[in-house]
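Here is a short report on how the pieces of a protein model pack together. Look at the sequence and the structure first, then read on.

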Amino acid sequence: MRGLHPGVKAVWSLAMLAAVFAGGPVVQGVVLSVVLLQLLLLSGLSAVTFLGLLAPVLLFGLLGALVVRFSSGVGWWGALSLLARVSSASAVFAFLAANTPFVHLLWLMGRLGVPDLLVEVFELVYRYLFLLSQTVDAVKLAQDSRLGFSSFSCSLRSLSFAVGAMLRKVFLSLREASMALESRNFDGRFAFLTRADFRAEPLLVAALMLPALGCLFLALLLPQG
Amino acid sequence: MSLFELKGLRFGYSRGEEVLKGVDLSLRRGAKTVVIGPNGSGKTTLLLHLNGVLRPTRGAVYFKGRQISYDRRSLRELRSAVGFLFQDPDVQVFAGTVFEDVSFGPMNLGLPGPEVERRVQRALSSLGIEELADRPLHFLSFGQKKLVALAGVLAMEPEVLVLDEPTANLDPAHVEVLLEKVEELRSAGCEVIMSTHDVDLAYSWADEVVIFCEGRAMASGDPEAVFSSEELLRAGSLRRPILLECWTALRERGLADGPPPRDVLSFRRRLGL
């Protein structure tokens with residue numbers, strides 16, 4: 001599934017999202033079930049991992065639905081409808097995220113005419129987020145190893161030191177990264193050669209797209225409201 | 001003619017103290033050169049001048065007899081000829097996947113797509129990491145990232161390779177792969193200049209050693225001569241390489257004679273072990 005052409009997965013997502021927004025709670029429930037089934041049968045990702053990925057969104061969806069139920073005149077059916085929509089739409093996005101390497105999405109964005117500058121920014125953010133997270137972990141570990149979080153006041157002081165340290169590190173890293181780019185003849189544009197050897201096996205495409213088209217058809221039969 | 005000649009080189013980072021304090025140095029063609037010195041001595045700053053990434057505040061750098069100019073075109077030519085491997089691969093590699101990152105340098109050279117692809121494949125397979133091509137960089141180990149960074153430089157097919165502490169933080173297996181590759185490149189005619197603070201590596205690998213300390217080149221010459229000088233070792237905060245130390249001790253007791261061996265294999269052979 002990860003090697004499948006990202007264009008196919010993008011079309012699948014659009015069809016599923018259209019079904020979610022055009023259809024009522026029944027359709028949204030069907031979409032959620034279809035996504036889970038396709039996940040189990042086609043992607044090899046375990047349902048537990050997938051639900052773990054979805055859990056925070058579902059929690060927010062549930063809280064939102066309860067707030068809407070008790071703070072406005074919407075009944076239980078309206079709140080359930082909201083929850084169904086949030087859950088199914090999030091499941092579609094989570095399926096796409098779990099089965100599509102980010103670089104494939106960037107490639108697709110480039111092909112769809114998204115400006116180079118934006119794609120380059122996304123690419124850099126994607127890479128440097130991991131570096132930032134590694135650095136944060138390292139700083140936190142170093143502080144923890146010297147009892148930096150042993151009390152509330154220690155934790156606050158450690159946090160302020162960590163923020164200062166991170167700022168210094170960001171400036172140093174920026175200087176080093178810019179030198180490294182220059183050493184490889186950087187001329188202001190991030191030029192890469194991206195491999196686009198994606199697969200598009202007819203059976204896999206059919207197994208992904210036919211249920212999606214089915215959901216879309218169902219949404220037209222059972223529209224919202 | 002020297003490969004590089006540095007005359008009266010001075011450099012300081014903005015609002016900081018001077019890092020290079022008048023370096024006069026000549027790096028021979030065809031010699032495996034190691035710049036050795038303690039941490040913070042200015043080795044990296046010195047090497048970054050060879051690729052034109054840093055511009056001296058005073059003095060000049062000559063590459064193959066011609067003074068380096070810092071206009072766009074000259075720098076492009078220089079950086080195509082002189083590849084630079086940074087000590088920390090996380091500084092150097094930044095693209096989404098290994099394949100993309102290695103293609104960055106050749107793409108900047110303005111090469112056509114098929115040629116870039118050929119170079120990337122060749123660089124990856126020469127380091128035995130072609131299976132990593134589609135992996136995102138953050139899933140790689142430090143050693144793998146180091147090899148990817150090297151592949152990114154090799155794909156530009158430079159005449160000179162400048163390695164900044166290439167073995168730092170690497171496990172022995174990756175050190176071996178890296179040094180083997182460096183030897184292959186040398187055999188293919190690529191010049192190699194390396195900085196390190198590993199005296200054993202410098203002694204066994206180099207033809208010429210430059211002792212660098214407090215922003216100055218204190219001495220340069222044959223590894224045996226340089227590492228035999230107690231005065232230089234003390235001034236450079238270095239120690240004598242283990243092989244040289246052992247050989248000297250054996251020679252003093254009459255158990256060995258002749259010039260000291262440069263690697264463990266010759267050491268054992270010379271002692272009949």
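Angles under 35 degrees count as roughly parallel, over 145 as roughly antiparallel, 65 to 115 as roughly perpendicular, and the rest as oblique. Axes are lines fitted to C-alpha atoms, for helices over the stretch in contact, and angles run from 0 to 180 degrees between N-to-C directions. Helices (H or I, at least four residues) and strands (E, at least two) are DSSP runs, numbered from the N terminus.

This is a predicted model, in which local features need pLDDT of at least 70 and side-chain atom pairs count only at pLDDT 80 or more, while totals for chains, interfaces and linings use all residues. Residues are numbered from 1 along each chain as its sequence is written, and chains are lettered from A and ligands numbered from 1 in the order in which they are written.

| Pair | Helix residues | Axes | Angle |
|---|---|---|---|
| α4(B) and α5(B) | 98-108 and 113-126 | within 9 Å | roughly 125 degrees |
| α1(A) and α5(A) | 6-22 and 102-111 | 9 Å apart | about 85 degrees |

Take chain B's pair. The crossing angle is roughly 125 degrees, so α4(B) and α5(B) are oblique to each other. Which residues of α4(B) meet α5(B)? They are B:F99, B:V102, B:S103, B:P106 and B:M107. Across from them sit B:V116, B:R119, B:V120, B:A123 and B:L124 of α5(B). Two residues are in contact if their C-beta atoms, placed from the backbone, lie within 7 Å. This contact has eight nonpolar residues, one polar and one charged. Ala, Val, Leu, Ile, Met, Phe, Trp, Tyr, Cys and Pro count as nonpolar, Asp, Glu, Lys and Arg as charged, and the others, Gly among them, as polar.

Now chain A's pair. α1(A) and α5(A) are roughly perpendicular to each other. A:P6, A:G7 and A:A10 of α1(A) touch A:H104, A:L105, A:W107 and A:L108 of α5(A). Here five residues are nonpolar, two are polar and none is charged.

**Where the chains meet**

The contact takes 32 residues from chain B and 24 from chain A. On the chain B side, α2 (72-81), α3 (89-92), α4 and α5 each supply at least two residues. α4(B) gives the most, with seven residues. The chain B side divides into 15 nonpolar, eleven polar and six charged residues.

**Domains of chain B**

Chain B is divided into domain 1 (4-238) and domain 2 (241-273); such bounds come from an automatic or database domain assignment. Their C-alpha centres lie 31 Å apart. Six residues of domain 1 are in contact with eight of domain 2. On the domain 1 side, α8 (199-205) and α9 (223-228) each give two or more residues. The largest share, four residues, comes from α8(B).

Most residues other than glycine have a negative phi. B:E157 has a positive phi, near 50 degrees. It lies in the loop between α6 (142-154) and β7 (160-164) of chain B. B:E214 also has a positive phi, near 50 degrees. Its place is the loop between β9 (208-213) and β10 (216-221) of chain B.
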